[in-house]
Amino acid sequence: MVAHMTVSRTKTRKIVPGPNNTAVRIQELTLKQKRFVEAYLGEANGNATEAAAIAGYEGERKSLRVIGARNLKKPSVRLAIDERTQNDGSVATRTERQAFLTNVMRAEHYKVDSRLKAAELLCRMHGDFIEKHKVDMTVNRSEQKAEITNFLDQLSARASAGALGPGTPIVQVIDATAESVTEAEEAHLANTPE
């Protein structure tokens with residue numbers, strides 16, 4: 001199955017397989033995108049914000065950050081960067097970077113600060129510093145009812161005090177909502193086996 005794509009004014013450079021058996025059409029890079037790739041791999045040292053500025057994109061730093069991030073998500077730009085890094089011996093591969101950092105970390109003739117920094121970078125490369133928390137978001141029906149009832153009581157008190165404008169319509173809405181919550185709770189309890 002081939003995905004339907006809109007017609008673009010730029011030339012198709014390549015068609016590559018995409019997710020779910022679709023085809024992704026890689027467009028020719030614009031002049032600014034070519035400059036972006038060159039800057040990203042060169043002078044900007046992998047900094048997308050700097051690469052966007054060097055390539056001639058205009059805007060404040062925040063705008064350039066967004067432009068750089070968007071460029072890096074474009075398949076044509078990613079492909080150009082990947083092709084350059086595969087064919088260019090001056091750009092270290094991930095394996096080469098890991099080997100270099102491992103050598104620095106293990107070499108005793110380097111200062112301790114350099115060795116620790118290499119160890120830290122290796123840990124970051126492998127995601128060792130990512131904290132994962134599991135949060136249980138389950139709430140039982142009685143907790144939900146108590147929370148809703150508390151909210152409605154507060155809202156009713158504010159309405160009665162005149163803090164919400166004309167109190168009568170809002171109080172009627174609150175009373176109707178409270179009744180429907182109570183009815184739903186009673187129906188749930190009636191259908192729940194003990």
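1. A word on areas to begin with: accessible areas come from the Shrake-Rupley method with a 1.4 Å probe, and for residues only the protein chains shown count as cover. On that basis the chain exposes about 14,900 Å², with carbon and sulfur atoms supplying 53% of it.

2. Please keep in mind that this is a predicted model, where local features need pLDDT of at least 70, side-chain atom pairs count only at pLDDT 80 or more, and totals for chains, interfaces and linings use all residues. Residues are numbered from 1 along each chain as its sequence is written, and side-chain values use heavy atoms, leaving out hydrogens and water.

3. The chain has eight helices and two strands, and along the sequence they run β-β-α-α-α-α-α-α-α-α. Helices here are DSSP runs (H or I, at least four residues), as are strands (E, at least two), numbered from the N terminus.

4. Of the 194 residues in the chain, 20% are buried (under 20% relative accessible area, 1.4 Å probe, protein chains only).

5. Now to a helix pair: the axes of α2 (residues 48-55) and α3 (residues 61-73) come within 7 Å and cross at roughly 100°. Axes are lines fitted to C-alpha atoms, for helices over the stretch in contact, with angles from 0 to 180 degrees between N-to-C directions. The two helices are therefore roughly perpendicular (65 to 115 degrees).

Technical notes. Parallel < 35°, antiparallel > 145°, perpendicular 65-115°, else oblique. Buried < 20%, exposed > 50% of the residue type's maximum accessible area, 1.4 Å probe, protein only.
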